[in-house]
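Hi everyone, thanks for making the time this morning. I'd like to walk you through one structure and its side-chain contacts, so let me put it up on the screen.

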Amino acid sequence: MKTALSSLLLILAGFATPVNANLAASGEDLLPPEQAFSVVETRQDNGDLNLFYNIAPDYYLYQKRLRFVLDDGREITPELPSAETYPDPFEGPTPIYRHSLDIDIEAAELSGSTLTAHFQGCADIGVCYPPQKSTIELGGQPASQAAAPTGAAESEQDRYARWIGERQIGWVVASFFGLGLLLALTPCVFPMIPILTTMVVGQKRGNGASAFVLSTVYVLAMALAYTVAGVLVGLGGANIQAALQHPLVIGTIAALFVVLALAMFGAFNLQMPAAIQSRLNALSQRQRGGSLWGAAVLGVLSALIVGPCVTAPLIGALIYISQTGDPVLGGLALFALGLGMGAPLIAIGTGAGAWMPQAGPWMNAIKHGFGVLMLATAIWMLDRVVPIQTTVLLSSALLLGIGVALWPSRLDSATARARLAGALLALLYAAALAIGALSGQPGFSQPLAGLGGSPANQPEQRELAFKPIKTVDDLEVELQAAAERNQPVMLDFYADWCVSCKEMEHFTFSDPAVQSALGDWQLLQADVTANDARDQALLRSLGLFGPPAILFYLPGETGMAERGEARTVGYVPASDFALHIDQLNAILASP
Amino acid sequence: MRTTLSYIAVALVAAALGFFWHSQQRGPKPVEPREDTSPLAFELPDLQGQIHRHDDWRGQVVMINFWATWCPPCKKEIPDFIRLQDDLADRDIQVVGIAIDEARKVTEFVDEIGGINYPQLIASGSGYGLTERYGNEWGTLPYTVFLNRKGEIVARHYQGILTYEEARDQLLSILEAPEKGEQTSDKGS
């Protein structure tokens, strides 16, 4: 009884805290509308649409505020489930829905390309949300399931995922395979391969089929070990995406890459600590050559016993993957890396050793090549947070280093002459970049363009005039104004740390074809570098997590409407972008 | 060659750090300044058509209540706010209502409850942007902010209905709090 009373008193004391305490709660108790009322749309095979509203506990939706409108303006009135009655002090008994709301709309009623589901609800604590809407794409995808807080947002992220997949994953995975191959050709790995083969295959060398199987098992095991690392790092990166964008973090990682490069140039040795290495070595000695299990164990152990040549590039690769925050890409890329590293071993294991080159000083060149690659990666990462002039100057310095390193000491052989040619090319390009950057027209494709001053070669001269906006309100105002002028609107999201945004500015927005295609357009730009509350609100209202993103709005009978399917996410080269705009212009022109 | 490359690498690191430090000094791109740069600025008509600006009540402690007629909890609060404005009429306090709604519906409601003793401003659609600028993340209503005499937001209430007592306590505490650099006023003690 006493404890109950004191608990009661405590609770009452809690209620007596001043109103300022609401600031401390800072919205934790109140859910964002997408979480309070989330809509899941499912399209059946026969074209029927099912809308499932997931209503958070202590929240409710008004039955009377549900509206379903097609893009031609026609309203659908589907059968609504029975609602519970809420005694509203002003409106009287009001029908509301709690927990969940299930609505089926027959295919026959659906026409046009989009359905907008309007709804409005409140929370029991005594607040109401502004009217919400969920836009559902209807365009001919009967069996697709798009589970999403708002239908439009999900299809964009799906598109983004597909775009990333189509464009980048293939390249990255292929490059990682190539890198793995090169890693196998470094001085600490290549000479070991015949020895490893003997351990894996045992003395049965020459028996082609089983030797092949054993070597493959070994390589697969090694590749899988790397895959695990790639997935873990990708997952970790996904969770700290926001932190990874911070200039301080980027700078540190770039410096790390430079240190790794120094390791490749032989300034110091970077490898797994000797204690661990000897342990793993002991383990591998115990494996029986010629057994499948032994081959697999050896494979995993090999992945762990990373020697000096492999450690730095491996760390670099993992850092790159963590930056992408994509565990799928991480897994695939590291798997390819493992396969690349194991390919020569498979070749030698199956007796194709005769095709392999002889070990020699060229292996050192590959090691140094990795060093250069890591310096280049460091510059590429810094590009996000430094002005393009700096990037060009740094690249010029790197090329200078390459040129000097390539310079042959004696001009006595074809190799030496080839090196001289390479060195001269590198030095010339380095000079051009430096002059271009210092003359105020930094650029990679036409570094000396700024000197000529001819009108045909002025990549940075005419900039597109973007009108800056900051808040959701600003966007509404601009869209309304443009609607009155019957003018299409392009909204570009920009941030200083967004690589493709800078690339777009540098390569695409400066292109004359793009500029002329956008001649009649109202251009808006939202700079979300600060990522403050208003920026986040604007991004969230459009279903975006952050830049890059470019949205297109066309004037129509019912005002401005966004062409969701026309959204671009990420860098688009000038010619493709101009084509994209032309297509939208054509839609505008048609009746 | 090894040492040369090492020196080059070290130089690159130094350059990189230098430039990145320099880039930190830049700051975010400036947004084009509007006529009134305060994010709290507004100019809205009341029910009689008279325009009010956000700084019309500078020098008083102001309570701005964002609401709408389609929001039942909002309507529940308003009679309490009318009573509050009456009870504190002799203090430097002003209650202001901003309705994110149509003037017609607001007028109907005001008639229903027998009139209103504080300015009721009509904001229509752009009102959502306004509440956001005043710190309301998702546009939930009712949303009430308290401004001190200098027009700065010192308290917000958005977790449900604001009772008469809570609002009164909040207003009195702002009235009695000494402003920076000012002497405690002889009112309100």
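How many salt bridges does the structure hold over all chains? The count is 16. Before I go through some of them, please keep in mind that this is a predicted model.

Let's begin in chain A. Glu562(A) and Arg567(A) form a salt bridge, with 2.9 Å between the closest N and O atoms. Are these two buried or exposed, or something in between? Glu562(A) has a relative accessibility of 26%, so it counts as partly exposed. Arg567(A) is at 5%, so this residue counts as buried; the cut-off for buried is under 20%.

Now over to chain B. Here the side chains of Glu43(B) and Arg53(B) meet in a salt bridge, at 3.3 Å from N to O. Where do the two partners lie? Glu43(B) belongs to strand E1 of chain B, residues 43-45, and Arg53(B) to strand E2 of chain B, residues 51-53, so this pair ties together parts that are ten residues apart in sequence. With 53% relative accessibility, Glu43(B) counts as exposed, while Arg53(B) is partly exposed at 31%. Arg53(B) also forms a salt bridge with Asp55(B), where the closest N and O atoms are 3.2 Å apart. Asp55(B) is partly exposed too, with a relative accessible area of 28%.

Which residues are in it? Salt bridges link Glu102(B), Arg104(B), Lys105(B) and Glu108(B).

While we have chain B in view, a word on its layout. Chain B contains five helices and seven strands, and along the sequence they follow the pattern α-β-β-β-α-β-α-β-α-β-β-α. Of the 189 residues in chain B, 49% are buried. If you take the contacts in chain B between residues at least 6 apart in sequence, 67% of them join residues at least 24 apart.

On to the rings. A search of the whole structure gives 16 aromatic pairs over all chains. Take Phe37(A) and Phe119(A): their ring centres are 6.4 Å apart and their planes stand at 75 degrees, so this pair is edge-to-face, given that over 60 degrees counts as edge-to-face. Phe37(A) is in strand E1 of chain A, residues 37-43, and Phe119(A) is in strand E9 of chain A, residues 114-119, so the pair ties together parts that are 82 residues apart in sequence. How accessible are the two? Phe37(A) is buried, with a relative accessible area of 1%, and Phe119(A) counts as buried at 4%.

A second pair is Tyr59(A) with Tyr129(A). The ring centres of Tyr59(A) and Tyr129(A) lie 6.1 Å apart with the planes at 40 degrees, so that pair is tilted. This pair also links distant parts of the chain, 70 residues apart: Tyr59(A) is in strand E3 of chain A, residues 59-62, and Tyr129(A) is in the loop between strand E11 (127-128) and strand E12 (132-137) of chain A. Both Tyr59(A) and Tyr129(A) are buried.

How do these rings go together? Phe37(A), Tyr53(A), Tyr59(A), Phe119(A) and Tyr129(A) form one aromatic cluster.

In chain A, the charged end of Arg65(A) sits over the ring of Tyr62(A), 4.5 Å from its centre. In chain B, the charged end of Arg83(B) sits over the ring of Tyr164(B), at 3.9 Å from the ring centre.

Last stop: a sheet in chain A. What is the order of its strands? This open sheet of five strands runs E14-E16-E15-E17-E18, with mixed pairing. Its edge strands are E14 (467-469) and E18 (559-562) of chain A, each pairing on one side only. On average, neighbouring strands in the sheet are turned by 30 degrees against each other, direction ignored. E14(A) pairs with strand E16 of chain A, residues 522-527, in the parallel sense over three bridges, and Lys467(A) stands opposite Leu524(A) in E16(A). Packed on the sheet is helix H21 of chain A, residues 574-589, which touches strand E15 (489-494) and strand E17 (549-556) of chain A. The direction of H21 makes about 15 degrees with that of E17(A).

Methods. Residues are numbered from 1 along each chain as its sequence is written. Chains are lettered from A and ligands numbered from 1 in the order in which they are written. This is a predicted model: local features need pLDDT of at least 70, side-chain atom pairs count only at pLDDT 80 or more; totals for chains, interfaces and linings use all residues. Side-chain values use heavy atoms; hydrogens and water are left out. Rings of Phe, Tyr and Trp (its six-membered ring) pair if their centres lie within 6.5 Å; planes under 30 degrees apart count as stacked, over 60 as edge-to-face and the rest as tilted. Helices (H or I, at least four residues) and strands (E, at least two) are DSSP runs, numbered from the N terminus. Buried means under 20% relative accessible area, exposed over 50%, partly exposed in between (1.4 Å probe, protein chains only). A charge sits over a ring if NZ of Lys or CZ of Arg is within 6 Å of the ring centre and within 35 degrees of the ring normal. A salt bridge is a side-chain nitrogen of Lys or Arg within 4 Å of a carboxyl oxygen of Asp or Glu. Two strands pair if DSSP finds at least two bridges between them. Axes are lines fitted to C-alpha atoms, for helices over the stretch in contact, and angles run from 0 to 180 degrees between N-to-C directions. Contact means heavy atoms within 4.5 Å.
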